[in-house]
Amino acid sequence: MAIPAGSSGRVYKTKLIRFRGSDRRIVLQEFDGPCSLVAILNQLLLRGKLDLDPKKDVFSQEELLSLLEQRLNDLIRDITNGTAGYNPNRLQNIWDAKKKLPSVATGIDVNIKFSSIEGFEFTPELEIFDALAIPLYHGCTVDPKDRNITKVIGSKKYNELLSESVGMTTQKRNLVKEFMEASLTTYGRSRLRNDIKDGELCVLFHDRHFSTMFKYKGEVYLLASLEAFQDEPGYWKELGKVKEGDMYVSRNFEEHKMGYHGSTNSAAPAGSDTNSDYQLAISLQQQEYEQPQPQRNNVQQQSIGASRLNSGPQEYIGSIRHEAPAGSDMTSDEDLALFLELSQWEDDI
């Protein structure tokens, strides 16, 4: 496979699918590739807002970023010449989004609000979705009828909850851990199914990953955009059916058994032991914690308040050594392990 001229090295294969009666080419993602770039591109490609060169089936990252930049330039032109109606605020938003465009290829920081499927703390990077008119959702929402978790979480955002969880009792920390690890709650899935309009193309932030999503006849589906699906006729996977071997659907949304078995996170192919990676990361943090006290003191001032979810290429980077807060009731190995698991959420992926 030839790498396109002028490329930095990362290339993206494509796949032709049938969508709403038209042939559309979508971009495929490598296992460790930038999911936000792929999700945004595919939402625009399926909407017919972007077109790939039909003579090519492989594109460099620079070429794809250039396509997005051209789309933003077109929007600026339409507003400036009055075609889309002059709106100075929207014009400024698009200019701001252009400045942050490279971030979709390196990872976007996300801080979710648990009260709504549309709940995200504003960041300059997320402005790209607004500028391109791409609805963005997540499914980690609190059921207001669940008084136990509602009382613990309240109106907190992700970062606040993570910071405060390390000082909670073991019982409350267990509640928070179970909730945060779910990524998609039963209530969140029901809100996605009920609140999103039928026929809507959007992007879902789920399990630290951005995916193109489509609602069809009351169900929500994630686009199967891994390179491993290149030769498969199955295009979509119903959200919530996350066990290995579940049925995917074809262009007519008829069930199709994939030759390749997907996983809970569409960024992680089956056969890759993501759980083992997770346990290894926890083990490494445990070893760091057990280092002699003088070594640990050098990093005690690093703030857990800098926590965040990052959607970049899926590599585990343990950059902060976590200290159990003074006054907490973490006295057993089990408590320490739980604390380390909670703290793992703040590290970059």
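A residue counts as buried when its relative accessible area is under 20%. That cut-off comes in handy below, in what is a predicted model.

First, the chain as a whole. Its secondary structure comes to 11 helices and 12 strands. Of the 349 residues in the protein chain, 49% are buried. As for contacts with a separation of 6 or more, 63% of them are between residues 24 or more positions apart.

Next, a single residue. L201 sits in strand 6, which covers residues 201-206. With a relative accessibility of 7%, L201 falls under the 20% cut-off and so counts as buried. What does L201 touch, leaving aside residues up to four places away in sequence? Its partners are F19, Q43, L46, R47, P135, T212, M213, F214 and W236. K215 lies 14 residues from L201 along the chain, and the C-alpha atoms of the two are 6.9 Å apart.

Now for how some of the helices pack. Two packed helices can be described by the angle between their axes together with the distance between those axes. Helix 1 (residues 35-47) and helix 2 have axes that come within 11 Å and cross at roughly 50 degrees. That angle makes helix 1 oblique to helix 2. The crossing of helix 1 past helix 2 is left-handed. On the helix 1 side, the contact is made by L37, I40, L41 and L44, while helix 2 brings in Q61, L64, L65 and L68. Sorted by class, the residues of this contact are seven nonpolar and one polar, with no charged ones.

Helix 2 (residues 61-80) also meets helix 3 (residues 88-100), where the axes come within 10 Å and cross at roughly 160 degrees. Angles over 145 degrees count as roughly antiparallel, so helix 2 is roughly antiparallel to helix 3. Helix 2 passes helix 3 in a left-handed crossing. Here E69, L72, N73, L75, I76, I79 and T80 of helix 2 make the contact with R90, L91, I94, W95, A97 and K98 of helix 3. The residues of this contact of helix 2 with helix 3 are eight nonpolar, two polar and three charged.

Key:
Residues numbered from 1 in each chain as written. Predicted model: local features only at pLDDT ≥ 70, side-chain atom pairs only at ≥ 80, totals over all residues. Heavy atoms only, no water. Axes fitted to C-alpha atoms, helices over the stretch in contact; angles between N-to-C directions. Helix = DSSP H or I, 4+ residues; strand = E, 2+ residues; numbered from the N terminus. Parallel < 35°, antiparallel > 145°, perpendicular 65-115°, else oblique. Left-handed = near helix turned anticlockwise from the far one by under 90°. Contact = heavy atoms within 4.5 Å. Nonpolar A, V, L, I, M, F, W, Y, C, P; charged D, E, K, R; others polar. Buried < 20%, exposed > 50% of the residue type's maximum accessible area, 1.4 Å probe, protein only.
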